[in-house]
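Trainee: I have a chain open on my screen and would like to get to know its folds step by step. Could you take me through it?

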Amino acid sequence: MAIYLARIRRRRLPALRLRRFAFILLALAASASHSLDLRISGKPWPLPEDSALRALCYPVPEAGPGERGIALSEVLPPLAEAWKLDAKGPGGNLSWASDEVLSLLGETYLLASKAGWKILCPRGVLDGISSIDLSAQAAEEGELEVWLSWEGVPKLKAELARWSALTGVKVKALELPDTRSKFLALLRGGGRLPDLFMVQTSDIADLSETGALQRLERLAGRASPLDPKGLQAFRTERGLWALPFYFDTQLVFYRKSKLRKAPAETWSLEGLEALAVSLSAPGKPALSWNMYSAYWLLPFAIGFGKLSIADADGAVRPDDPGTLAALEWMLGLIGKGALEPLERDAMIGRFASGEIPIILSGSYSIPEFERIGIDFGVASYPVSEKTGKAVSPLLDYKGFAVSKSTKSPISAAWLLGYLTGTGVQQRFNSALYKLPVEPGAWAEARRTNPYYPQLARSAAMGSVIPPGEGYSIYKNVMWKIIRFVLTGAMTLPKALGEARRLIDANYSQKH
């Protein structure tokens with residue numbers, strides 16, 4: 001019966017190219033009638049049966065405590081235009097005609113109630129609705145190819161399958177270890193580029209220079225704006241090249257069994273030093289992180305007085321008083337036997353065994369530590385009593401870019417709106433302890449995430465990795481220079497002066 005109904009609906013809306021089998025699986029063989037009738041310019045658009053639709057709902061903080069729903073855009077096909085929404089039912093009528101209807105469908109919700117359904121949109125709220133007729137025109141586009149990377153790919157593939165089933169758009173999802181390199185290789189070779197693909201901040205300089213990315217300012221304009229720092233992470237002087245999806249931050253991880261009490265929410269750098277010294281024994285430093293990486297140096301440079309990561313010309317330079325003071329402090333801790341520089345794998349292994357009780361790592365480590373059952377706690381970075389400035393964690397954003405060559409730009413934008421919407425942001429980020437970029441997901445994280453206080457504080461005082469090539473040049477040069485410093489091959493002033501010379505030479509070649 002469900003298959004027969006799917007065929008009938010396909011004939012009603014042939015241009016929408018419905019993918020009925022996926023929908024039928026998700027809707028669990030929807031019945032012939034629904035308590036809620038949804039139409040697009042008078043033509044029926046199928047919804048899952050009530051029980052299946054309610055199962056898809058999630059907390060909607062902007063609707064009020066305890067309210068659950070689903071964005072209207074999630075159960076519609078990608079639309080080229082939408083200019084009016086009419087909702088009707090025993091509870092009355094609601095009509096919303098505006099040129100903003102299309103852009104705000106992602107923030108218009110079907111809310112589940114005991115009696116049935118209600119709708120929440122910028123025009124107002126209407127309870128007890130029985131029908132919605134959206135005056136709109138569906139986009140007639142084809143399959144989307146999406147490239148995924150980093151953590152949580154299986155979870156992301158499940159989200160894409162859910163979206164595909166509800167909207168009727170076929171999605172081909174591929175996992176790649178390095179989306180940037182693959183994109184550039186295909187661009188040079190004339191291969192087919194993805195419609196949508198994951199990027200990180202450091203990718204943007206090279207990718208935006210190719211002219212192969214769409215600018216996305218129009219997609220960032222929404223009633224509930226995305227994280228401003230996240231938008232900054234993907235914006236150059238020429239435009240916005242990706243929308244943020246999630247981010248990680250740097251944290252202090254500690255073994256609970258080794259500390260008498262957890263660090264205070266606003267603790268000091270001097271307190272961290274005293275704790276590390278007190279827990280160390282001869283030949284057994286208590287504190288470790290990957291000091292060889294500039295990624296872990298910059299937060300301390302800022303805490304010791306570095307004014308900004310990048311200079312006015314976009315270059316990132318190391319010969320400032322803050323960087324010098326930070327490295328002097330680190331060398332002092334090594335001299336006291338309290339700090340041991342270790343690269344990531346060695347550090348994680350010795351933390352897991354309990355040999356080292358305090359490390360600096362990213363929030364991405366939380367799920368793995370929980371999985372293996374480590375008795376750990378987290379603290380946000382401390383504040384220097386000397387400068388009054390926080391050791392500022394770097395915020396590592398991942399996002400999605402859209403290829404300029406896509407033949408399905410409306411569908412790609414529709415999918416991007418889904419990925420940055422409240423539902424996905426709640427589900428994906430809560431499962432992996434990522435930090436969301438959407439305000440509604442932050443509100444839910446406050447209620448459900450046990451690490452929320454430390455993550456929220458870190459996000460507030462964190463610094464964004466600059467999207468220009470200046471950071472990449474700095475990182476590559478400092479990887480070598482810091483090793484010379486730690487082995488004693490170069491004095492600090494000489495090393496930082498040489499780093500400045502190399503950075504300026506590399507940066508001038510590109511400008």
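This is a predicted model: local features need pLDDT of at least 70, side-chain atom pairs count only at pLDDT 80 or more; totals for chains, interfaces and linings use all residues.

**Strands, sheets and helix contacts**

Trainee: How many bridges join strand E4 to strand E7?

Mentor: Strand E4 covers residues 68-71 and strand E7 covers residues 109-112. The two run antiparallel. The number of bridges joining E4 to E7 is 3.

Trainee: What is the order of the strands in the open sheet with antiparallel pairing?

Mentor: This open sheet has 5 strands. Strand E3 (58-59) and strand E9 (124-126) are its edge strands, each pairing on one side only. The order is E3-E4-E7-E8-E9.

Trainee: Which strands stand at the edges of the sheet whose pairing is mixed?

Mentor: That open sheet also has 5 strands, in the order E2-E1-E10-E5-E6. An edge strand there has a single partner strand, so one side of it is left without a neighbour in the sheet. The strands at the edges are E2 (43-44) and E6 (92-97).

Trainee: In E10, which residue is the bridge partner of Ala82?

Mentor: Start from the strands: E5 (residues 79-89) and E10 (residues 131-138) pair in the antiparallel sense over 8 bridges. In E10, the bridge partner of Ala82 is Ala136.

Trainee: Now the helices. Are H10 and H18 roughly parallel or roughly perpendicular to each other?

Mentor: The axes of helix H10 (residues 294-303) and helix H18 (residues 469-486) come within 9 Å and cross at roughly 100°. An angle from 65 to 115 degrees counts as roughly perpendicular. H10 and H18 are therefore roughly perpendicular.

Trainee: How many residues of the contact of H10 with H18 are nonpolar?

Mentor: H10 brings Ala294, Tyr295, Leu297 and Leu298 to the contact, and H18 brings Tyr471, Tyr474, Lys475, Met478 and Ile482. Of these residues, 1 is charged and none is polar. The nonpolar count is 8.

Trainee: Is H18 roughly parallel or roughly antiparallel to H19?

Mentor: H18 packs with helix H19 (residues 492-509) at an angle of about 150°, and the axes are 9 Å apart. Angles over 145 degrees count as roughly antiparallel. That makes the pair H18 and H19 roughly antiparallel.

Trainee: And how many residues of the contact of H18 with H19 are nonpolar?

Mentor: Among the residues making the contact are Ile473, Tyr474 and Val477 of H18 and Leu492, Ala495 and Leu496 of H19. The contact also holds 2 polar and 2 charged residues. Its nonpolar residues number 13.

Trainee: In which hand does H4 pass H14, left-handed or right-handed?

Mentor: The axes of helix H4 (residues 153-167) and helix H14 (residues 409-419) come within 11 Å and cross at roughly 120°, and the two helices are therefore oblique to each other. The crossing of H4 past H14 is right-handed.

Trainee: Which residues of H14 make the contact with H4?

Mentor: On the H4 side are Leu156, Glu159, Leu160, Arg162 and Trp163. The contact as a whole divides into 7 nonpolar, 1 polar and 2 charged residues. From H14 come Ser411, Trp414, Leu415, Tyr418 and Leu419.

Trainee: Last one: what is the radius of gyration of the chain?

Mentor: The chain has 19 helices and 24 strands. For 511 residues the globule rule gives 24 Å, and the chain's value is close to that, so the chain is as compact as a globular protein of that length. Its radius of gyration is 26 Å.

Technical notes:
Residues are numbered from 1 along each chain as its sequence is written. Side-chain values use heavy atoms; hydrogens and water are left out. Axes are lines fitted to C-alpha atoms, for helices over the stretch in contact, and angles run from 0 to 180 degrees between N-to-C directions. Helices (H or I, at least four residues) and strands (E, at least two) are DSSP runs, numbered from the N terminus. Angles under 35 degrees count as roughly parallel, over 145 as roughly antiparallel, 65 to 115 as roughly perpendicular and the rest as oblique. A crossing is left-handed if the near helix is turned anticlockwise from the far one by less than a right angle, and right-handed if clockwise. Contact means heavy atoms within 4.5 Å. Ala, Val, Leu, Ile, Met, Phe, Trp, Tyr, Cys and Pro count as nonpolar, Asp, Glu, Lys and Arg as charged, and the others, Gly among them, as polar. Two strands pair if DSSP finds at least two bridges between them. The radius of gyration is taken over C-alpha atoms; the globule rule is 2.2 Å times the number of residues to the power 0.38.
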